[in-house]
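Subject: Structure handover

Hello,

Please find the structure below, with the sequence alongside. My notes on what was found follow it.

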Amino acid sequence: MIPITHYLILSAMLFAIGVTGVIISRNLIIMFMSIEVMLNAANLAIIAFSRSLNLMDGHVFVFLVMAVAAAEAAVGLAIIINLFRNRESINADTFSLMKR
Amino acid sequence: MLEVIIFYISALIAIGGAVMMIAQRNPVASVLYLILSLVAQAVLYIQLEALFVGALLIIVYAGAILVLFLFVIMLLNLRGEKFGYDQGKVGVATKLIFSLVLIFELAAVVHTVSRSTNLARTSEHLNPGFGSVPPVAELLYTKYLLPFELTSILLLVAIIGAVLMARRDRADKEKEMT
């Protein structure tokens, strides 16, 4: 039996990779996918705890997180399409409209 | 022994896929690496006896959400767009060092917490049917009925928002006609 700590450290690493993707990349789509990686890392931790505590509630949480991720993807991609339509670019540096 | 090998191989693929995803310059390759990472994570879910959620991860995430990403990337026609990593006031090396620090901080938190509490002790006896569809559905429709219904409202709002945002303005359309 693999101890739950292994899963938690894997989940922490995936989360940090997601954070790295958001801060390092200039491509809006890759930044967005990094957010999905972070959500999945949290899901992995939830599933690991759920197995460890022998409680199924975590599976329900993961189900709800997936629904939130789907909603987020739909709205976020619509925003990206609109941004691309206005600026012909999805480089995050082009969208500094609100920066003074 | 076998499950340890499976764990390490899938963990390696999950991390490698995620790293390759943020290292790619081509967004299509990036999506494909993310799908690879998700499939490896689904293997881990199934190893943790979460059969239903593991299947859902492949069907909903890899099958629907990431295909939506692919559609959008192909709609956008990104040819000729350059994505450098060395723009901005903070250098890439600094950012990488900060994310490494973040990894070690999170790992240290996990380590100390698991040593000081008895969370690390995995229960060997699972309830019968753990992780299959009927128990998940039972929880979803009894204990977590309200969050479930609220999720449907959230999805409705997302649909309306996406449709409103992706719609062209009437002025835009008239401009194109002339």
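In this predicted model, 82 residues of chain B are in contact with 73 residues of chain A. The area buried between the two chains is about 7300 Å², and carbon and sulfur atoms give 76% of that area.

Polar pairing across the interface is as follows. Between chain B and chain A there are 8 residue pairs in polar contact, counting pairs with both residues at pLDDT 80 or more. Six helices of chain B each supply at least two residues of the side that touches chain A: helix 1 (2-23), helix 2 (27-47), helix 3 (51-76), helix 4 (92-116), helix 5 (133-141) and helix 6 (145-166). Helix 3 of chain B gives the largest share of that side, with 12 residues. Sorted by class, the side of chain B that touches chain A has 57 nonpolar, 15 polar and 10 charged residues.

Side chains of opposite charge can pair when their charged atoms come close. Here the count over all chains is 1 salt bridge. B:K143 sits in the loop between helix 5 and helix 6 of chain B, and A:D57 belongs to helix 3 (residues 57-87) of chain A, so this pair joins two chains. The closest N and O atoms of B:K143 and A:D57 are 2.7 Å apart, within the 4 Å cut-off for a salt bridge.

Finally, the surface. B:M1, B:I5, B:I9, B:I13 and B:L36 make a nonpolar surface patch of about 490 Å². Helix 1 of chain B provides the largest share of the nonpolar patch, 3 residues. B:I9 is located in helix 1 of chain B.

Regards

Key. Residues numbered from 1 in each chain as written. Chains lettered and ligands numbered in written order. Predicted model: local features only at pLDDT ≥ 70, side-chain atom pairs only at ≥ 80, totals over all residues. Heavy atoms only, no water. Contact = heavy atoms within 4.5 Å. Buried area = accessible area lost by both parts, 1.4 Å probe. Salt bridge = Lys/Arg side-chain N within 4 Å of Asp/Glu carboxyl O. Polar contact = N/O pair within 3.5 Å; in protein donor to acceptor, adjacent residues only side chain to side chain. Helix = DSSP H or I, 4+ residues; strand = E, 2+ residues; numbered from the N terminus. Nonpolar A, V, L, I, M, F, W, Y, C, P; charged D, E, K, R; others polar. Patch = residues over 30% accessible without salt bridge, like charges linked within 9 Å, V, L, I, M, F, W, Y side chains within 5 Å. Areas by Shrake-Rupley, 256 points an atom, 1.4 Å probe, with all protein chains shown as cover.
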